[in-house]
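Me: Could you take a close look at one part of this model for me? I'd like the geometry with its cut-offs, then whatever connects to it.

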Amino acid sequence: MVNSCNTSREILWRQVWGLAALLAAIILSWMVYAFYQPKILQELELFELAGWLGIVQGLIAAVLEPLNGGISDRIQQRLGSRLPMISVGVVLAGLMFVGVSLLADYNLPTGIRWIIPVLMTAWVIAMIIFRGPAIALLTQFVPATELPQANAILVLVFGTVGAIAPLFNILLSSLGASITFMLGAIALVLGAYILQIFTPKHSFVPTIYHQDKSATAPTVLLSLIFVIGLATGFEVNLLFAIFPQKLQTQLPGLQVEFIASEILLVSAIASVPLGDWTADLGVNKSMLLGLGTMTGLMGLTVLNDNYILAIALILAFGMSFSLVLISMIPFALGKLPVTQAGLGTGLYFGGSAGGTAIVSLLIKQIGLTSVGAFLLAEVACLVVTLCILLYKKVSRIETGE
């Protein structure tokens with residue numbers, strides 16, 4: 001089943017950049033959370049919880065993301081816009097951030113210290129409320145055939161903001177938790193405001209509203225999107241959890257954090273030209289090419305002991321990662337009717353969150369070597385390949401081809 005959105009219209013670049021502003025705020029907020037979450041939990045002497053909270057939150061996201069995506073579709077059909085749901089999620093996330101900021105510097109009694117991790121989990125849930133629906137807005141700003149070019153802008157923002165993490169963490173350390181969480185709340189509200197002013201009501205394409213609201217994809221296709229998201233998220237997290245450390249042994253002059261940042265920076269730089277190329281190649285082939293190349297590069301990294309080749313591997317990892325990022329949202333949005341755009345992004349993000357949790361669990365429980373990570377990445381790549389082939393077969397049966 002293919003997204004049936006009118007493909008004759010032009011990309012609404014102003015609205016895409018407004019969405020990119022919100023995405024930048026989301027990424028910065030996650031960076032704040034990732035930096036301070038373990039520190040705060042350790043200060044509260046919740047050492048065991050610090051190792052498990054991220055895993056539990058990932059599993060929660062795997063369930064809530066698809067449910068939330070389906071709810072956003074119903075709100076879209078009833079109100080004609082996802083912006084109200086996005087606004088509610090941003091306000092809730094901001095309030096959770098403010099709550100954590102107010103409590104972070106207090107020496108809470110032992111009996112009520114559980115409030116902090118509860119607030120942190122509530123913040124993650126609030127982020128889930130609006131992240132998927134916000135990305136689903138692309139179907140209203142961009143014709144289906146040009147989703148990769150528009151998504152390339154989001155990848156550019158994602159890679160660029162993510163690449164500053166080592167320097168950003170130095171700034172966060174100097175500011176302190178309370179001020180940083182407050183600034184995170186302000187960033188989210190500001191990002192949502194920019195999206196609102198860049199997205200007037202006439203941005204929403206009337207033809208979308210008049211599509212058959214009963215058009216739904218069969219359950220097997222929805223399940224395949226979730227599994228593809230899980231396997232893709234699993235492989236991507238193997239890349240960033242294991243291979244920067246392996247590359248650092250080949251480039252001892254570089255810190256692990258900077259190697260990961262360089263991969264993200266290369267992905268950002270490569271995103272715009274790869275966006276055009278992906279549109280021509282097709283998201284199925286480009287996703288498989290990106291994941292397959294990434295898997296092969298992991299194998300080369302395991303065998304490599306040359307620093308020059310290590311630099312080339314960083315560049316190649318960045319390009320393959322960019323290809324995966326550019327493909328994944330158009331893939332999720334293009335496989336379902338426009339009326340299920342929120343569900344599509346929810347299934348993909350939910351699967352990806354599940355993959356992230358599984359990688360964290362494996363590292364925590366049994367540890368992973370670079371060889372083990374490479375073998376698991378091969379399995380993940382094979383799963384995605386089989387799911388895409390099965391998706392094509394089921395789609396042909398559904399359409400009677």
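Which ring does the charged end of Arg 131 sit over, and how far is it from the ring centre?

Reply: The charged end of Arg 131 sits over the ring of Phe 349, 4.7 Å from its centre. For that label, NZ of Lys or CZ of Arg has to be within 6 Å of the ring centre and within 35 degrees of the ring normal. Some housekeeping: this is a predicted model, with local features needing pLDDT of at least 70 and side-chain atom pairs counting only at pLDDT 80 or more, while totals for chains, interfaces and linings use all residues. Residues are numbered from 1 along each chain as its sequence is written, and side-chain values use heavy atoms, leaving out hydrogens and water.

There's another charge over a ring: Lys 39 has its charged end over Phe 35, 4.9 Å from the ring centre. Rings of Phe, Tyr and Trp (its six-membered ring) pair if their centres lie within 6.5 Å; planes under 30 degrees apart are stacked, over 60 edge-to-face, and the rest tilted. That rule gives 11 aromatic pairs.

One of them is Trp 30 with Tyr 33, edge-to-face at 5.8 Å centre to centre and 90° between the planes. These two are 3 residues apart in helix 1, which puts about one helical turn between them. (Helices are DSSP runs of H or I, at least four residues, and strands are runs of E, at least two, numbered from the N terminus.) Trp 30 is partly exposed because its relative accessibility is 28%, whereas Tyr 33, at 6%, counts as buried. The cut-offs there are under 20% relative accessible area for buried, over 50% for exposed and partly exposed in between, using a 1.4 Å probe and protein chains only.

Trp 30 also pairs edge-to-face with Trp 123, at 4.8 Å centre to centre and 70° between the planes. Trp 30 is in helix 1 and Trp 123 in helix 4 (residues 115-136), so this pair ties together parts 93 residues apart in sequence. Trp 123 is buried, at 1% relative accessibility.

Now for the core. The largest nonpolar core has 119 residues, with Leu 138 and Leu 188 touching the most other members. Helix 1 (residues 13-43) provides the largest share, 16 residues. Such a core is a set of buried Ala, Val, Leu, Ile, Met, Phe, Trp, Tyr and Cys residues joined through side-chain atoms within 4.5 Å. Beyond its neighbours within four places in sequence, Leu 138 is in contact (heavy atoms within 4.5 Å) with residues including Val 16, Leu 19, Ile 329 and Leu 333.

As for helix 14 (residues 341-365), its end C-alpha atoms are 36 Å apart, which agrees with the 36 Å its 25 residues should span at 1.5 Å a residue; the expected span is 1.5 Å times one less than the number of residues. Gly 367 follows helix 14, with a positive phi near 75°.

Zooming out, the protein chain has 15 helices and 0 strands. Its radius of gyration is 21 Å, close to the 21 Å from the globule rule for 401 residues, so the chain is as compact as a globular protein of that length. That radius is taken over C-alpha atoms, and the rule is 2.2 Å times the number of residues to the power 0.38. Buried residues make up 54% of the chain.
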